Amino acid sequence: YGSGALPQINGYKVSTDAWALHSPNVWKLNLTAGSGEFTGNTAGTSTDVGFLKAGGTIHGWKRWNLADLAQDWDFYSDDTHVYVRLGASPGAGVEIAVKQQGFRPASNTNASDLHILGHGAHGVGIYGTQNAQVKDCLIEEIGGSRVSKTTRYGNGVEIWIGCANVLVQGTTIRQTYDTGT
């Protein structure tokens with residue numbers, strides 16, 4: 001790609017200043033595609049939030065019920081909104097990772113020199129793939145979304161059933177909810 005920063009596969013929905021007060025100290029933002037209340041990943045349909053990032057700090061205290069929001073930056077998401085407990089509006093610029101994978105290579109794919117970040121599911125999901133390589137990538141800020149009723153997940157790289165000859169090499173994986181690989 002030449003010199004400079006790696007090309008990004010960035011899944012963050014980024015809040016505008018459209019937060020609405022839902023109840024005392026609880027703010028909500030509409031995460032449905034087309035709501036106009038966020039920028040970044042505007043086409044993503046998921047509203048299942050894995051974590052929030054504000055001012056460079058990751059907030060991962062996902063709660064299963066709105067009533068369980070007890071401390072600053074606790075959050076809950078439903079089919080439409082993310083709700084955050086905070087004394088004042090979270091404001092613009094909150095990065096919101098929702099349930100989606102960053103990259104899913106097909107067989108005979110060689111991916112290198114990518115920066116994959118801000119996805120609430122896996123950074124790279126490899127399923128039934130043959131002869132694939134992921135080399136010299138940076139995969140970070142991944143996971144935390146719901147995989148079942150009260151279980152969260154999110155790997156940097158997930159290599160699942162039916163794969164063969166998959167190589168992950170020279171890749172930095174950090175800040176993942178579940179596991180690196």
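**Entry 1. Ground rules**

I number residues from 1 along each chain as its sequence is written. The model is predicted, so local features need pLDDT of at least 70 and side-chain atom pairs count only at pLDDT 80 or more, while totals for chains, interfaces and linings use all residues, and side-chain values use heavy atoms, with hydrogens and water left out.

**Entry 2. Salt bridges**

I looked up the idea before the pairs. Side chains of opposite charge can pair when their charged atoms come close. I count a salt bridge when a side-chain nitrogen of Lys or Arg is within 4 Å of a carboxyl oxygen of Asp or Glu. How many salt bridges does a search of the whole structure find? It finds five.

I began with Glu95, which forms a salt bridge with Lys53; the closest N and O atoms are 4.0 Å apart. This pair links distant parts of the chain, with Glu95 in strand 10 (residues 95–98) and Lys53 in strand 6 (residues 49–54), 42 residues apart. Strands (E, at least two residues) and helices (H or I, at least four) are DSSP runs, numbered from the N terminus.

I then checked how accessible the two partners are. Buried means under 20% relative accessible area, exposed means over 50%, and partly exposed is in between, with a 1.4 Å probe and protein chains only. Glu95 has a relative accessible area of 22% and is therefore partly exposed. Lys53 has 14%, so Lys53 is buried.

Lys53 has another partner: its side chain meets that of Glu141 in a salt bridge, 2.8 Å from N to O. Here too distant parts of the chain are linked, since Lys53 is in strand 6 and Glu141 in strand 15 (residues 138–142), 88 residues apart. Which residues are linked with Lys53 in a network of salt bridges? I noted Glu95 and Glu141.

A further salt bridge joins Arg174 to Glu140, with the closest N and O atoms 2.7 Å apart. Arg174 sits in strand 20 (residues 172–176) and Glu140 in strand 15, so this pair also links distant parts of the chain, 34 residues apart. Arg174 is partly exposed because its relative accessibility is 41%. Glu140 is at 7%, so Glu140 counts as buried.

Strands of a sheet pair through backbone hydrogen bonds, either parallel or antiparallel. I take two strands as paired if DSSP finds at least two bridges between them. Five strands form an open sheet in the order 5-2-10-6-7, and the pairing is antiparallel. Which are the edge strands? They are strand 5 (38–40) and strand 7 (57–59), and each pairs on one side only. On average, neighbouring strands of this sheet are turned by 30 degrees against each other, direction ignored. For such angles, axes are lines fitted to C-alpha atoms (for helices over the stretch in contact), and the angles run from 0 to 180 degrees between N-to-C directions.

I followed one pairing in detail. Strand 2 (residues 13–15) and strand 5 run antiparallel and are joined by three bridges. Lys13 has Gly40 in strand 5 as its bridge partner.

**Entry 3. Positive phi**

Most residues other than glycine have a negative phi, and most peptide bonds are trans. Asn108 is not a glycine, yet its phi is positive, about 65 degrees. I found Asn108 in the loop between strand 10 and strand 11 (110–112). Its relative accessibility is 60%, so Asn108 counts as exposed.

Glu141 also has a positive phi, near 55 degrees. Is Glu141 buried or exposed? Its relative accessible area is 6%, so Glu141 is buried. Glu141 lies in strand 15.

**Entry 4. Aromatic pairs**

Rings of Phe, Tyr and Trp (its six-membered ring) pair if their centres lie within 6.5 Å; planes under 30 degrees apart count as stacked, over 60 as edge-to-face and the rest as tilted. The structure holds two aromatic pairs. One of them is Tyr12 with Phe51, edge-to-face, at 6.0 Å centre to centre and with 90 degrees between the planes. Tyr12 is in the loop between strand 1 (8–10) and strand 2, while Phe51 is in strand 6, 39 residues apart. Tyr12 and Phe51 are both buried.

**Entry 5. Gly128**

I ended with Gly128, in the loop between strand 13 (124–126) and strand 14 (130–135). Gly128 is partly exposed because its relative accessibility is 39%. Leaving out residues up to four places away in sequence, Gly128 touches Ser107, Ile161, Gly162 and Cys163; contact means heavy atoms within 4.5 Å. The C-alpha atoms of Gly128 and Ile161 are separated by 6.1 Å, and the two residues are 33 residues apart along the chain.
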